[in-house]
Amino acid sequence: TSMARNKRGNRKSELLLMDLELASVLAAAKLAYPAGELDRMWKTVLLNQFHDILPGSSIHEVYEVTKREYEELAQTAGDLLSQRLAALAGQGDGVTVFNTTGYTRSDVVELGKTDVKALADETGRTFPVQQTADGAVAFLADLPSKGFKTLKKAEAVSAASPFVRKDDRHIETPFYTVAFDERGHFASLFDKDNDRELVKPGMCANVLRMYEDKPIYYDNWDIDMYYTEKSWPVDDLVSMKWTEDGPVRATVELEYKISLTTIKQKIHFYADSRRIDFETWVDWKQHQHLLKAEFPVDIHSDEATFEIQFGSLTRKVHTNTSWDKARFEVCGQKWMDFSEGHYGVSLLNDCKYGHSVRDGVIGLTLIKSGIEPNPVADQEEHVFTYALYPHAGTWRDAGTVRESYFLNQPARTVEGGVPGAEFSFAGVEQSNVVLETVKQAENGDGTVLRLYESENARTKTVLRLPAGVTKAYSCNLLEEIEEELAIQDGKVCFLTKPYEIKTILLR
C-alpha cells in the first residue's frame, strides 16, 4: 500500500498502453503501428514493477525518477492514442465513443467540455446529456466491444431528474434510498430492488478512518496486526453540498479535515447504474498513519473473494487459525466481493491494492505513510476513485468483473465521425471469458488477442473475429503457434479451462 502514487502510475500505465495497442491495431491502415514506442514504454512499466520499486519500499530518489517516467509515459502514450482515435473517427459532425473493453457496454461516459444537449444512436434512441462543472456526461447504451460507435448530436430532450431529495441528507435514486448522518457518512443505504438495508444496524458506511501505523521492524514493508488498536474516524465535516442533479447522475461533495490533512469527495449516484462512485482527493500531511475507507455491511459470510491477475481468490474472513489471523490485510486488484447466499456487495477501485474484512466491515486501504526508507512517503496530493456495487446473487451473477473494467477503462470520446457508424473488432459470446488485450504480434506478423476465463468455469468459448481474417491459431504466451483453429461463420470455438489464459493469433 506504500507510495500510492506509484501504484496509480502502474495501473494507469498498463491500461493506457493496452488501449493504445488496440487503437493502433484498428488504425494501422491510417497510421503506422508504434511498435518501437510501445516496446520502450512497456519496458519502463515492467522495470518499475521491480521489487522494491512498485511495493513502495525504495528510497525517496527512486520515486522522483518514477514520477517523471510515469508522467512522460502518460503524455507520450496519450498523444499517440489521441492521434489514432481521431484518425478512426474521421471527419463528420457526430460524436464517436470508443469502448476499449471486451464487453458490449452500457455506461456513463464523460464527454468533456461540450455544449451538446443530447445524443442519438442509429436506432433513434436519444440519450440526454448532463452538464457538470467538470464537463458533460451521458449514459450511453450498447457500445460495441473493442470498438466504437458514432452518435448524432440531437436537440435537448425533456428528461427530468429521477432523483428525489427531501433535504440535504436524504436522497432517493432509482436503485437506493440513502440517508446521511451529520458527519456525511451513510447512516442508511437501502437497496430498493432487493428490499434490504445494506448498512449494519447502529453503524455508518463510507467512514474514512485514520490508524496509527508504526510497525516494529519494516516501516514501508509491513502493516502489523495491532495497527487497529489506535484510530480516529474522519468526521470533521467542513462542508457538504449537492452540486449535480440531472438525468444522468446526482452528486454530493464532501470536505473533511483531520489533523493537517484535507480530504474532498464527490459521491456520484447514477440514474442507470447500480454503482456508487467515490471520487476522492486527499492532501495528505501525516507520517506513520494509514487511511482506510470502511463499509460495515449487513451480510453473513465467512469468506470474501479478491481479484488477482487473470482470476480471483477466495479467503476466509474469520480468525479461527493462526493462518486466518495473519490475513488481517490482504491483496486484491480491481475488486473484492463479500456475499451471502443471494446477495452481496462488491468494492471496486481504480488504483488500490490493500483490503480487509473483519466482523462484516469491508475496508479498502487508501494511503500508508511510513518513514523508512523514504521519510516523505505519500506526503503529497492523492487522486483515486473507489466504487460500491451492491448486487443480487453472487459476484458472478452481478458481473463484478465487467463492472471493474468499466471503472478502470472509461469510454473515450472524440468529436467527429459520421453518425450511425459502428464497429466492433472482436467479441466473446461468453461473459465469463474476458477479451483483454488486442495487439500486433511481437514479430509484426498478425494480430494477437489475449483472453482469460474469470469465474473458475470450464467454458466452450466462441470468439467473433474481425472481417478479413483467414487464419487463426492458438499460441502459447510467447506467441509461438501450437495449433490452427477452424474458422466458421467468422468465429472460432475452443475450450477454455478455469482461469486459463488464451493467446490467439490472427492473420
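This is a predicted model: local features need pLDDT of at least 70, side-chain atom pairs count only at pLDDT 80 or more; totals for chains, interfaces and linings use all residues.
**Overall build**

The protein has six helices and 36 strands. With a radius of gyration of 23 Å, close to the 23 Å that the globule rule gives for 507 residues, it is as compact as a globular protein of that length. Along the principal axes, the C-alpha atoms fill a box of roughly 65 × 55 × 45 Å. Of the 507 residues, 56% count as buried. As for how the chain meets itself, take the contacts between residues at least 6 apart in sequence: 68% of them join residues at least 24 apart.

**Rings meeting rings**

The structure holds 20 aromatic pairs. Two of the pairs are set out here.

| Pair | Geometry | Centre to centre | Between the planes |
|---|---|---|---|
| Tyr211 and Tyr227 | edge-to-face | 5.0 Å | 65° |
| Tyr218 and Trp221 | edge-to-face | 5.8 Å | 65° |

What does the pair of Tyr211 and Tyr227 tie together? Tyr211 sits in strand E12 (residues 207-212), while Tyr227 belongs to the loop between E12 and strand E13 (231-233), so the pair links parts that are 16 residues apart in sequence. Tyr211 is buried at 7% relative accessibility, and Tyr227 is buried too, with a relative accessible area of 6%.

Now for the other pair in the table. Tyr218 is partly exposed, at 48% relative accessible area, and Trp221 is likewise partly exposed, at 41%.

Elsewhere, ring pairs join up into a cluster made of Phe180, Phe186, Trp242, Phe269, Phe278, Phe295 and Tyr386.

**Charges over rings**

Which ring does the charged end of Lys264 sit over? That would be the ring of Trp281, with the charged end 5.3 Å from its centre. Arg315 does something of the kind with Phe306: its charged end sits over that ring, 4.9 Å from the centre.

E29 pairs with strand E32 (residues 459-464) in the antiparallel sense over two bridges. To find one end of that pairing, look at Gly427, whose bridge partner in E32 is Arg464.

Definitions and conventions
Residues are numbered from 1 along each chain as its sequence is written. Side-chain values use heavy atoms; hydrogens and water are left out. Rings of Phe, Tyr and Trp (its six-membered ring) pair if their centres lie within 6.5 Å; planes under 30 degrees apart count as stacked, over 60 as edge-to-face and the rest as tilted. Helices (H or I, at least four residues) and strands (E, at least two) are DSSP runs, numbered from the N terminus. Buried means under 20% relative accessible area, exposed over 50%, partly exposed in between (1.4 Å probe, protein chains only). A charge sits over a ring if NZ of Lys or CZ of Arg is within 6 Å of the ring centre and within 35 degrees of the ring normal. Two strands pair if DSSP finds at least two bridges between them. The radius of gyration is taken over C-alpha atoms; the globule rule is 2.2 Å times the number of residues to the power 0.38. Contact means heavy atoms within 4.5 Å.
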